[in-house]
Amino acid sequence: MKPQHKITLLICALCLLAQPLRAQTALTSGAPISAELKPNETHRYQLTLAAQQTAHVIAAQQGADVEVLVYDAAGKLLVDMDSPNGTRGNESVWLTGQPPGVYRIEVKTFGYPDGRLLAGKYEIKLVELRAATEADAARWQAQAAFLESKTLWRPNQPTDKKAAIAKLDEAARLLESVSDADLSAVVEARTLQIAPLLKVERLGLTKTAGMVTSYHSAELAKAAASKRALLESLLNFYQPLLKTKLELGYALLNKDDGKRFCPACPFVVPMVLQEPLTFVESNDTTGIKGMLAMYKSKLPETLNNALAAEGLTYDTATPVVLEAVGYFYLAGGLRNQALGRLPKPWMNSIIETYLIHAWLGEKQPALRRQIKLGFQLPGAVITPAAHTLDTMFGNSDMLTGGVALSRAADLAADLYHRHKLGFLTELLKAFPKDAKLDAATAEQRFVALSPLIKPWMETFAYTGAALEVRQAEEALVAARKAKDGAAFDRLVADDYCGLNQNGMQRDKAGFRASATSPTPVAVFNLDRMDIEIIGDLAIVRGAQTEQWEGNALEHHLFTRLWVKRDGRWQLQSNTQFLDPNKK
């Protein structure tokens with residue numbers, strides 16, 4: 001072996017030996033450790049347990065979405081904890097009833113189904129290390145039951161959901177006798193996700209079996225019976241049309257029961273939970289009344305007159321708005337069972353509001369007139385944060401979502417008025433369930449369903465300076481895909497300053513080097529954008545998807561500033577970061 005090869009191997013061996021010394025930091029009580037986690041990186045810590053001891057470790061996420069794994073001395077995995085709290089909140093782990101020894105704790109970025117890894121900062125701390133108690137044993141058993149529920153049921157996999165629900169129920173019952181806010185929260189969130197009716201049943205409400213299994217707080221029997229009959233009419237109407245057996249649960253809660261059901265979920269609008277489809281609402285309208293009161297002065301006279309014609313005022317229309325939004329969410333469940341999810345959010349919104357108009361138009365025409373007005377209220381009084389078709393319907397802002405719902409419902413009402421149930425017949429033909437169409441094909445088929453759709457879409461189109469900026473955005477994407485340095489130079493200002501998702505600041509030269517590097521790009525799409533023009537300045541907010549060879553798919557949110565100089569739009573600044581809502 002050549003001397004230089006020996007030196008290389010020695011250096012590699014020393015690096016391998018040094019890595020565990022760097023990573024396996026000892027955890028000691030009351031001494032938090034702050035760290036920053038990179039994609040595909042694992043941080044390792046050591047915890048020493050004596051006989052009959054309990055340890056409580058918390059990793060507080062501060063921008064990273066992490067999972068915490070605990071291994072015993074033999075390398076057996078004991079705990080794999082990840083909570084549905086994104087990049088903020090705690091990952092809490094208990095160890096009790098374990099033999100004495102040295103345990104390895106690993107912190108790594110949580111791997112999303114689409115390949116994303118949300119790296120960033122976190123803080124890990126040994127909160128407690130003490131003699132074990134009976135309460136600790138209950139926490140350990142509850143944690144184990146929760147973790148087993150995750151193994152038993154995973155979406156879109158052949159697993160045992162019934163057994164998973166039983167384990168969640170076991171965890172919840174164990175936690176009734178002990179105090180653990182973090183573990184209770186993760187069990188509650190998981191139960192809401194896969195077994196909403198289990199949460200409802202735990203409230204001890206009055207239950208009525210039937211086509212729609214309903215639950216209600218003691219004093220709400222009459223209102224619950226009325227709504228149950230209405231929902232049963234919806235199922236009777238759509239089961240033969242959609243050729244599918246529909247199951248539905250319904251719960252009407254007072255304010256106190258609403259807080260017990262979901263302490264962190266203010267009932268501003270009803271909730272519709274999946275699997276099985278469950279409609280949950282509260283008779284407490286304080287939140288929505290307060291929100292709508294802010295916009296009362298903006299109500300157009302024409303809509304005010306339409307409300308009056310139905311015996312309503314802006315104030316008394318509050319329950320109608322709630323009912324309209326609740327039906328919209330419920331129709332999402334029907335659409336999902338009949339068609340699956342189409343590639344564009346605006347298509348789904350139109351279908352869902354059409355399903356409501358069609359059902360009420362055929363069975364409850366008077367109620368349909370009121371619900372139509374309820375749909376129109378948010379769009380009439382709220383100014384959205386986004387304006388284009390994709391950005392308005394892809395926006396997570398609640399107020400923008402309300403305006404988008406209004407716009408979709410307006411078209412849906414026209415579709416029902418023009419085509420009646422014929423639109424549903426053609427819709428089912430064009431979109432067989434789980435057809436997995438790409439966005440362009442789906443849009444082409446959707447537009448062909450009615451001559452009303454294309455003109456509606458065009459009301460969201462860019463014109464003038466906003467159109468020029470959109471074209472500049474698309475040209476920059478094309479330049480990056482083609483590694484076209486000349487086009488890049490024309491589109492990016494010399495005084496450019498950018499901040500990427502890794503916190504790196506770059507000038508034009510650095511941006512150019514990255515954009516025109518030889519690394520192939522597999523995906524680079526502008527998913528949505530909203531453009532605001534202020535003279536010769538354009539503010540562009542939106543989302544894009546990127547995937548470079550050898551890296552995971554990433555979803556970015558961005559804010560970009562374009563300036564118009566010598567008659568040409570140029571990019572002056574770009575700030576982008578990983579979308580924390582994409583999981």
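**Salt bridges, helices and cavities**

Guide: The side chains of arginine 512 and aspartate 489 meet in a salt bridge, with 2.9 Å from N to O; a salt bridge is a side-chain nitrogen of Lys or Arg within 4 Å of a carboxyl oxygen of Asp or Glu. Arginine 512 lies in helix α20 and aspartate 489 in helix α19, so the pair ties together parts that are 23 residues apart in sequence. The model is a predicted one, in which local features need pLDDT of at least 70 and side-chain atom pairs count only at pLDDT 80 or more, while totals for chains, interfaces and linings use all residues. Residues are numbered from 1 along each chain as its sequence is written, and side-chain values use heavy atoms, with hydrogens and water left out.

Visitor: Which residue forms a salt bridge with aspartate 489 at 4.0 Å?

Guide: The partner sits in helix α20 (residues 508-515), whereas aspartate 489 is in helix α19 (residues 485-491), 19 residues apart. Helices (H or I, at least four residues) and strands (E, at least two) are DSSP runs, numbered from the N terminus. With its closest N and O atoms 4.0 Å apart, the partner is lysine 508.

Visitor: Is lysine 508 buried or exposed?

Guide: Buried means under 20% relative accessible area, exposed over 50%, and partly exposed in between (1.4 Å probe, protein chains only). Lysine 508 has a relative accessible area of 12%, so the residue is buried.

Visitor: What is the distance between the closest N and O atoms of aspartate 494 and lysine 508?

Guide: Aspartate 494 is exposed, with a relative accessible area of 69%. These two residues form a salt bridge, and their closest N and O atoms are 3.0 Å apart.

Visitor: How many salt bridges are found in the whole structure?

Guide: Salt bridges also link Glu128, Arg130, Asp136 and Arg139 in a network. A search of the whole structure gives a total of 26.

Visitor: How many of the 22 residues of α10 are buried?

Guide: Helix α10 (residues 318-339) reaches 31 Å from its first C-alpha to its last, close to the 32 Å expected at 1.5 Å a residue. The expected span is 1.5 Å times one less than the number of residues. The helix is largely enclosed by the rest of the structure, because its buried residues number 18.

Visitor: What is the distance between the end C-alpha atoms of helix α11?

Guide: Of the 19 residues of α11, 15 are buried, so this helix is largely enclosed by the rest of the structure. Helix α11 (residues 345-363) should span 27 Å, which agrees with its computed distance of 28 Å.

Visitor: Which helix gives the most to the lining of the second largest cavity?

Guide: On a 1 Å grid over the protein atoms alone, a cavity is a set of points where a 1.4 Å probe fits but cannot get out, and lining residues have an atom within 4 Å of a point. The second largest cavity has a volume of about 40 Å³, a volume being the space filled by probe spheres set on the points. α6 (221-242), α10 and α11 each supply at least two lining residues. With 4 residues, the helix that gives the most is α10.

Visitor: Which element gives the most to the lining of the largest cavity?

Guide: About 70 Å³ of space lies in the largest cavity. At least two lining residues come from each of α18 (464-482), β17 (521-534) and β20 (568-578). The element that gives the most, with 4 residues, is α18.

Notes: On a 1 Å grid over the protein atoms alone, a cavity is a set of points where a 1.4 Å probe fits but cannot get out, and a pocket is an open set with protein on both sides within 12 Å along at least five of seven lines; lining residues have an atom within 4 Å of a point.
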